[in-house]
Amino acid sequence: MDDLQRYNRATAHLDPPFAVLDLSALRANAEGMLHRAHGKPIRVASKSIRSRAVLERILAMDGFTGIMAFTLPEALWLVSTGMRNVLVAYPTVDRAALAELAAEPLAAREITVMVDQIDHLDLVDSAVAGVPDRQEIRVCLDIDAGYLAFGGRFRAGVRRSPIRESDQAADLATQIAKRPGFRLVGVMAYEAQIAGVGDDPPGKPALTRAIRLMQTRSQRELITRRGRIVQAVRQITDLEFVNGGGTGSIEKTARERAVTEIAAGSGFFHPRLFDFYRGFGGHPAALFALPVVRRPAPGVVTVLGGGYPASGTPGADRLPQPYLPCGLRYDPDEGAGEVQTPLVGQAAEDLRTGDRVWFRHAKAGELCERFASLHLIDGDRVVDEVPTYRGEGRTFL
Ligand SMILES: Cc1ncc(COP(=O)(O)O)c(C=O)c1O
């Protein structure tokens, strides 16, 4: 039985639209990620999962330790439901959530927030000023892991922290160490230009060469710089962890001595944008099914919904991929529509009204902002239905 038959058989009792998670694909992806990590623990990036039940399944496997959350309200919620060791990877200015963090000993013990400037500490102090018995706030230093060349005129990577060099990191670490109410416990440096950029984009040889060159140089530069930064900060305070990497860089980041843990999330679902890396593959695990609702002309079928573009620089690569049956593509005049999406291609000839088309999202967790639940498929059966964050009424971003 091929995957299309298997998915159609498993979900024959369901009316699309709905989303599924193929558990055997998820397990195989998780094993592949662990193999690539060479024994270093992987902290699970929740933004790329966005379902508590799925996070719990992943964390039950050996080798995955802790959560990398995307907002403080999310982290507080996760800890209140039993999760532990949660690093919020992006700075927070949510005053109410900070006050809650400072008031709640369990949350303050299990959650670490991200800082990269004194303003972040000032904001925490003002947000928690009225909290009786204020708990110590655990903080992690975010470091810019981007790549600069030609005297800074060329830059690759995401714009995050202003802290780039070891003296800046040591300076901020010293100020945190001196400041009552805070404890510096970690350093994080995310090399998006390696982890999040596929080095094997199809049909673009010049771009491919440029990406590979940039990534090789960036990796080389980062090994030295990250090592220097971590050494400088460790002279000021003991660190519990040094976090780096992402799905696309696991095996590279894991090789760095200074890094104690890798962050990764997308690899579990293996969305479309992760098809274009030389170093690893994966199995599409998260899919959504849309029903064929009409056939406007021979060779064209229209499915309900479908306009779920992924975040990032807009472009065709951000659209979901019509995945099964093979041989479907968007009508270039319409793309993926708000309430309906025409599809053309050979396979459209054989599809009937009421059939379903299976899609992959371009990114991982954003799929879960569209669906209230994930139907878990094992073999050719649905074995469970679990809520997404949205299904639990939680939309953090
Ligand atoms: C701080 C940080 N670490 C790691 C990642 C990698 O996540 P993923 O493995 O889902 O690509 C990201 C993604 O944006 C990130 O922001």
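A residue counts as buried when its relative accessible area is under 20%. Trp77 has a relative accessible area of 8%, so Trp77 is buried. The model described here is predicted.

Trp77 takes part in an aromatic cluster. Ring pairs join Phe70, Trp77, Tyr389 and Phe396 into this cluster. A pair of aromatic rings is described by the distance of the centres and the angle of the planes. In total, 15 aromatic pairs were counted. One of them is formed by Trp77 and Tyr389. Their ring centres are 5.2 Å apart, the planes stand at 85°, and the pair is edge-to-face. Trp77 belongs to helix H4, while Tyr389 lies in the segment after strand E19 (381–387), so this pair ties together parts that are 312 residues apart in sequence. Both Trp77 and Tyr389 are buried. Trp77 also pairs with Phe396: the centres are 5.7 Å apart and the planes meet at 45°, so this pair is tilted. Phe396 lies in the segment after E19 and Trp77 in helix H4, so the pair links parts that are 319 residues apart in sequence. Phe396 is buried as well, because its relative accessible area is 18%, below the cut-off of 20%.

Helix H4 (residues 72–80) also packs against helix H5 (residues 95–103). Two packed helices are described by the angle between their axes and the distance between the axes. The axes of H4 and H5 come within 9 Å and cross at roughly 35°. The crossing of H4 past H5 is left-handed. On the H4 side, the contact is made by Leu72, Pro73 and Leu76. On the H5 side, it is made by Ala97, Leu98, Glu100 and Leu101. Six of the contact residues are nonpolar, none is polar and one is charged.

Charged side chains also lie over rings. Arg36 is placed over the face of Phe280, 3.8 Å from the ring centre. Arg134 is placed over the face of Phe182, 5.3 Å from the ring centre. Ala108 sits in helix H6 (residues 105–110). Its relative accessibility is 6%, so Ala108 counts as buried. Beyond its neighbours within four places in sequence, Ala108 contacts Leu101, Gln135, Glu136 and Arg138.

Ile49 occupies the loop between strand E2 (42–45) and helix H3 (52–59). Ile49 is buried, with a relative accessible area of 0%. Setting aside neighbours within four places in sequence, its contacts include Val44, Leu55, Phe268, Phe269 and Cys368. Ile49 and Thr388 are 339 residues apart in sequence, yet 8.5 Å apart in space, C-alpha to C-alpha.

The backbone was examined next. Most residues other than glycine have a negative phi, and most peptide bonds are trans. Pro16 and Pro17 are joined by a cis peptide bond, with omega about 5°. Pro17 lies in the loop between helix H1 (3–10) and strand E1 (18–22). Another cis peptide bond joins Leu324 and Pro325, with omega about 0°. Pro325 is in the loop between strand E14 (321–324) and strand E15 (329–330). His38 is not a glycine, yet has a positive phi of about 50°. His38 lies in the loop between helix H2 (23–36) and E2. With a relative accessibility of 56%, His38 counts as exposed. His270 also has a positive phi, near 45°. His270 lies in the loop between helix H12 (266–269) and strand E12 (286–297). His270 is buried, with a relative accessible area of 3%.

Notes. Residues numbered from 1 in each chain as written. Predicted model: local features only at pLDDT ≥ 70, side-chain atom pairs only at ≥ 80, totals over all residues. Heavy atoms only, no water. Axes fitted to C-alpha atoms, helices over the stretch in contact; angles between N-to-C directions. Helix = DSSP H or I, 4+ residues; strand = E, 2+ residues; numbered from the N terminus. Left-handed = near helix turned anticlockwise from the far one by under 90°. Contact = heavy atoms within 4.5 Å. Nonpolar A, V, L, I, M, F, W, Y, C, P; charged D, E, K, R; others polar. Phe/Tyr/Trp six-rings, centres within 6.5 Å; stacked < 30°, edge-to-face > 60°. Buried < 20%, exposed > 50% of the residue type's maximum accessible area, 1.4 Å probe, protein only. Lys NZ or Arg CZ within 6 Å of the ring centre and 35° of its normal.
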